[in-house]
Amino acid sequence: ISDQKPLGCWSVKHGQILTCPVVCNFETHEYIAVHDDKVLRIWKNEDINLDKAFKATLSADVYRIHSLPHGGPLVLFRGGAVRTLDVLLEAPQQEIENVISAEVIRWSGAFMEGQQPVLIFTTEKNGEFFVYVQKPKLSSLHKYKLEQQKSTKPRCFTAHITNQTVTLLCLYSNYSVYQVLIPLQQDTEEEEEEEILSKSLLLNLSISGAVLKGTSLVVLDKDHVAVLGSLAAPGKQSRECLTIWNTKFQTLQTSKELPLGTSGQLWCYEEKFFLIHGKVLTVIMYKCETSSLAAAVGKLKDSQTPDVSSFVNWNTLEDEELVVSFQSQESADLKAQSRMNLRSGRSTGAKETLSVGQLLLKLKDASTYVLETELRRLMAKAPTPDLQATIGCVVTALIDRCKKNPKYYPQNFLQEIAETRDLSYSLCPDLMAVALEKKDMHLLQICLERFPDIPEEITYACLKAFLSMNEDHLRTVDVNLDSAICYVDVEFNDNEVKTEILENGFSAEMDQDGCDTKIPKECQSSDESCPVGLQKAALLNAVLHSAYTETFLLPHLKNLPAGQAILFLRYLYYLYVKCSEKVNTTLPGIRSPTINQIMDWMCLLLDAQFAVMVMLPEAKELLSNLHKFVRAQVRFYSELNKIEGSLRELQRLNHLRESQSYSIEVLEII
C-alpha cells in the first residue's frame with residue numbers, strides 16, 4: 001500500500017465467479033478462495049496461474065471463509081455448518097449438515113476466545129432475526145432470537161468478545177445502534193430452548209440535528225465504533241462522511257466528509273481504515289486513546305490543535321480533495337499533493353500542504369534562476385514529516401516546466417534530488433518519462449536503483465532504451481560504473497570488452513580424473529568477451545536491480561525486439577558465467593547483480609521470448625552454450641552432493657579435535 005504498486009493478480013476462467021471474499025491463511029501464507037459456491041482454491045504468492053492451483057470441490061455451498069491469526073481458517077456453509085479448513089481438506093466431499101432451515105445468513109464474524117475460535121453469524125427468516133454462536137473445535141452450537149421491534153429492523157452487524165461475553169452491535173433502519181450481550185455458555189449435553197435476546201439503545205446517529213444514514217459499522221475498541229454513511233440535513237443535499245463515536249459517553253468523537261463518494265463499505269484492520277473514496281482505495285490511520293469524558297467532549301487540556309483531530313490522521317483524504325478542488329487552477333502543479341498520502345507518514349494538517357501548492361503556483365511564471373533558487377530553499381528547510389512529499393512537489397514543478405519549455409531541462413538539479421533524497425515513483429510519476437524523452441541515462445539509472453515502486457511498463461521502457469543505445473554514444477555519457485567496472489575489462493579491442501572466464505569447478509587446468517564428467521569445449525572458453533560496453537553493462541545492471549512483479553512484466557518483455565532480446569540474454573549468460581567462477585557466486589563491485597537476480601531475469605526473458613529464440617538461427621549457438629553450461633553446473637553440484645556426508649563428518653571431527661593436540665587422521669571416502 002505504501003508503495004502504491006500491485007504485487008499480484010490472479011483470475012478465474014471465463015464463466016467462473018468468485019462467490020466469497022478471498023482470505024489469507026496466516027499460518028501457511030496461502031490464499032484461499034471459493035468460486036461457483038463449491039470450488040475451493042488454495043495458492044501461494046509465487047503461483048501465477050490460478051487454474052493450476054490446488055482445487056477441491058465441496059459437497060455444499062460456502063457462505064464465507066474466516067481466517068484467524070492463531071485459529072486457522074474457518075469455513076461457514078450457507079446451511080450454517082462450520083468446519084475448520086484442515087478437517088475439510090481431509091475429506092472435501094464429506095457430508096455437510098444443515099444447521100438452519102429456510103433462513104438466510106445476513107452477517108458472520110470470527111473471533112478468538114482464549115485458545116478457542118468462535119464463529120458468530122446472524123440469519124433472517126420472515127422478518128425475524130436469529131443469532132448463532134459456534135465453537136467448531138468443541139462442536140458447540142447455541143441459537144438465539146433477536147428481540148423484534150416494530151417498523152425497524154437490523155441493517156448491518158458487528159461484534160467483539162470481552163470477558164467471555166459477546167457484544168453484538170446492530171445498526172437498525174431507524175439509524176440507531178443497539179447493543180446485545182450474549183454470554184459464552186459452557187457446553188451442556190441437554191438441549192436448551194431458544195432464548196430471546198433483549199437489546200439496549202447504544203447510539204442515536206444524529207449530528208447537529210442531521211441524521212446519519214449509516215451503511216457500514218465497525219468496532220474499534222470496547223468504547224469506540226466507526227460508522228460510514230450519508231448525513232441528511234433538512235433542506236440540504238446529503239453528504240457522505242466517516243464518523244467515529246464514543247459509545248461509553250454516547251458522543252461523536254470526530255468526523256470527516258467524503259466529497260468524492262464511497263461504495264458504502266468500510267473495513268478496519270490493525271488501526272487502519274480501508275474504504276473506497278472516489279475511484280481509489282484510501283487507507284486512514286487512527287489510534288484509539290483511553291476513553292475519558294474530557295476526550296469525549298473535546299476538552300483535553302494538552303490539545304494544541306483543537307481544529308485537527310488527534311484521533312485520526314485525515315491527511316490522506318485532504319490530499320485527495322486538494323486535487324479535486326484545485327483542478328480548475330493549475331492542476332498539473334498540484335497533482336503531486338495527492339500522492340503525499342502513505343509514504344510520508346506525516347502528522348501536520350492541510351495548511352502547510354496548501355502553502356506548498358500556493359508557492360508552486362506563484363513560481364509558475366518565474367524565471368529559471370528564481371524557480372530553482374526558491375525550490376532549493378524550500379528543500380533546505382528543517383526536516384518535517386511532510387518534507388518527502390514537498391520534494392515530490394518540487395520535482396513535479398520542475399517536470400511541468402520541462403513540458404512547457406522543451407529547451408529547459410535541469411539535468412544536474414534533478415539528478416541531485418534523485419540521488420540525495422528519499423523519493424519514489426509515486427511521488428513524481430512523470431520524472432522517468434521525461435528522462436526517457438531526454439535520454440538522460442544517468443537519471444534513469446539512479447531512479448531504477450533507488451525507486452521501490454516503478455511500474456513494469458517503465459522498467460521495460462528503460463531496458464529497451466538501454467539496449468538500443470549506440471555504444472559509441474554511451475561512452476560519452478556520464479553514468480555510474482561502480483556496478484560493472486570491477487569485473488569488466490575497460491581496455492577495448494575491436495569494440496569488444498575482453499574478460500577472462502573460469503567456470504566454478506571447471507577451469508581448463510582442472511584434473512578431469514577427479515570427475516567423470518567431460519566438459520564441453522563451449523563451456524571452457526577462457527577468452528569470452530562481454531557482449532556490451534562498460535556503460536551499457538552498468539545501465540543494464542540498474543534494470544536487474546529494479547523491483548518487479550513477474551505477472552506484470554512478462555507481457556512487456558514479449559514485445560522486446562528479437563535482436564535486443566538476444567543481446568540481453570547474451571549479457572545475462574555472461575554474468576551467469578562470471579558469477580560461477582567465484583565460490584560464493586558473488587560479483588565484485590557496488591550494486592553488482594546477484595546470482596538470483598541474474599537467474600530470475602534469464603528465466604523471465606526465456607519465458608517471454610522462447611518461441612522467437614528457437615526460430616532465430618543467431619540464437620541457436622547461445623541457447624546451446626547456455627544449456628551445456630547449466631548442465632555442467634548441475635553435474636558438478638551433483639558430484640558435490642555425493643561427498644556431502646563425508647564433508648559433514650570431517651567438519652564434526654574438527655569440532656571434536658582438541659586445539660592443542662597434534663594428530664594425523666585419514667578419512668576414507670567411499
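1. Which strand gives the most to the lining of the largest pocket? In this predicted model, that strand is β12, with eight residues. Strand β12 spans 154–162 and is one of six strands that each supply at least two lining residues, the others being β1 (18–25), β5 (62–68), β8 (104–113), β18 (210–221) and β22 (262–268).

2. The volume of the largest pocket is about 2000 Å³. Its lining comprises 49 residues, and those nearest the pocket centre are H66, S108, V218, W267 and C268. By residue class, the lining holds 30 nonpolar, ten polar and nine charged residues.

3. A separate comment concerns helices α6 (residues 368–379) and α8 (residues 411–420), whose axes come within 12 Å and cross at roughly 10°. Because angles under 35 degrees count as roughly parallel, α6 is described as roughly parallel to α8.

4. On the α6 side, the contact is made by E372, L375, R376 and M379, which meet F413, E416 and I417 of α8. The residues of this contact comprise four nonpolar and three charged, with no polar residue.

5. The mean pLDDT of the protein is 78, and 77% of the residues score at least 70. Residues 299–310 have pLDDT below 50, and beyond near neighbours in sequence this stretch has nine contacts in the model. For residues 490–527 pLDDT likewise stays under 50, while the model has 73 contacts for them beyond four places in sequence.

Technical notes:
Residues numbered from 1 in each chain as written. Predicted model: local features only at pLDDT ≥ 70, side-chain atom pairs only at ≥ 80, totals over all residues. Heavy atoms only, no water. Axes fitted to C-alpha atoms, helices over the stretch in contact; angles between N-to-C directions. Helix = DSSP H or I, 4+ residues; strand = E, 2+ residues; numbered from the N terminus. Parallel < 35°, antiparallel > 145°, perpendicular 65-115°, else oblique. Contact = heavy atoms within 4.5 Å. Nonpolar A, V, L, I, M, F, W, Y, C, P; charged D, E, K, R; others polar. 1 Å grid on protein atoms, 1.4 Å probe; cavity = no way out; pocket = protein on both sides within 12 Å on 5 of 7 lines; lining within 4 Å. Points joined across faces, edges and corners; volume = space filled by probe spheres on them. pLDDT = per-residue confidence, 0-100.
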